[in-house]
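Here are my notes on this one, in the order I'd go through them. Have a look at the model first, then read on.

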Amino acid sequence: MEAASQYYFGKSASELTLGEATILAGIPKAPSSYSPVADLEKSTTRQTVVLDEMIEDGKITESQKSTALAEKPVIIGNIT
């Protein structure tokens with residue numbers, strides 16, 4: 001997670017927002033398809049699935065999901 005956090009967002013995993021973390025959480029399902037560098041739209045679609053699963057598991061609220069989806073993360077796509 002730390003390496004992916006540095007690669008995609010240029011910051012430590014401990015500094016990720018919920019929106020950023022759920023983008024990363026969606027990548028392992030299909031890395032070439034869900035990479036935010038390759039296809040941000042597919043990545044955010046997958047992010048919604050991850051957030052919905054978190055709601056089902058009681059980990060977050062609908063409000064937290066809305067906040068995460070409203071974020072406009074800056075994807076840098078390289079190691080700093």
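1. Terms for the core first: a nonpolar core here is a set of buried Ala, Val, Leu, Ile, Met, Phe, Trp, Tyr and Cys residues joined through side-chain atoms within 4.5 Å. Buried is under 20% relative accessible area, exposed is over 50%, and partly exposed is in between (1.4 Å probe, protein chains only). The model is predicted, with local features needing pLDDT of at least 70 and side-chain atom pairs counting only at pLDDT 80 or more, while totals for chains, interfaces and linings use all residues. Residues are numbered from 1 along each chain as its sequence is written, and side-chain values use heavy atoms, with hydrogens and water left out.

2. The largest nonpolar core has six residues: Y8, F9, L16, I23, L24 and I27. Helix 1 (2–9) and helix 2 (18–26) are the elements giving two or more residues to this core. Helices are DSSP runs (H or I, at least four residues), numbered from the N terminus.

3. What does I23 touch, leaving aside its neighbours within four places in sequence? I23 is in contact (heavy atoms within 4.5 Å) with F9, P36, S43, Q47 and P73.

4. Helix 1 and helix 2 pack at about 110 degrees, axes 11 Å apart; axes are lines fitted to C-alpha atoms, for helices over the stretch in contact, and angles run from 0 to 180 degrees between N-to-C directions. A4, S5, Y8 and F9 of helix 1 meet E20, I23 and L24 of helix 2. By class, this contact has five nonpolar, one polar and one charged residues (Ala, Val, Leu, Ile, Met, Phe, Trp, Tyr, Cys and Pro are nonpolar, Asp, Glu, Lys and Arg charged, the others, Gly among them, polar).

5. Now helix 4 (residues 40–56) and helix 5 (residues 62–70): their axes lie 10 Å apart at an angle of about 165 degrees, so helix 4 and helix 5 are roughly antiparallel. Q47, T48, L51, D52 and I55 of helix 4 make the contact with E62, K65, A68 and L69 of helix 5. Four of the contact residues are nonpolar, two polar and three charged.

6. Is M1 buried or exposed? M1 is exposed, at 56% relative accessible area, and sits in the segment before helix 1. Not counting residues up to four places away in sequence, M1 touches A13, L16, A21 and L24.

Note on methods:
Angles under 35 degrees count as roughly parallel, over 145 as roughly antiparallel, 65 to 115 as roughly perpendicular and the rest as oblique.
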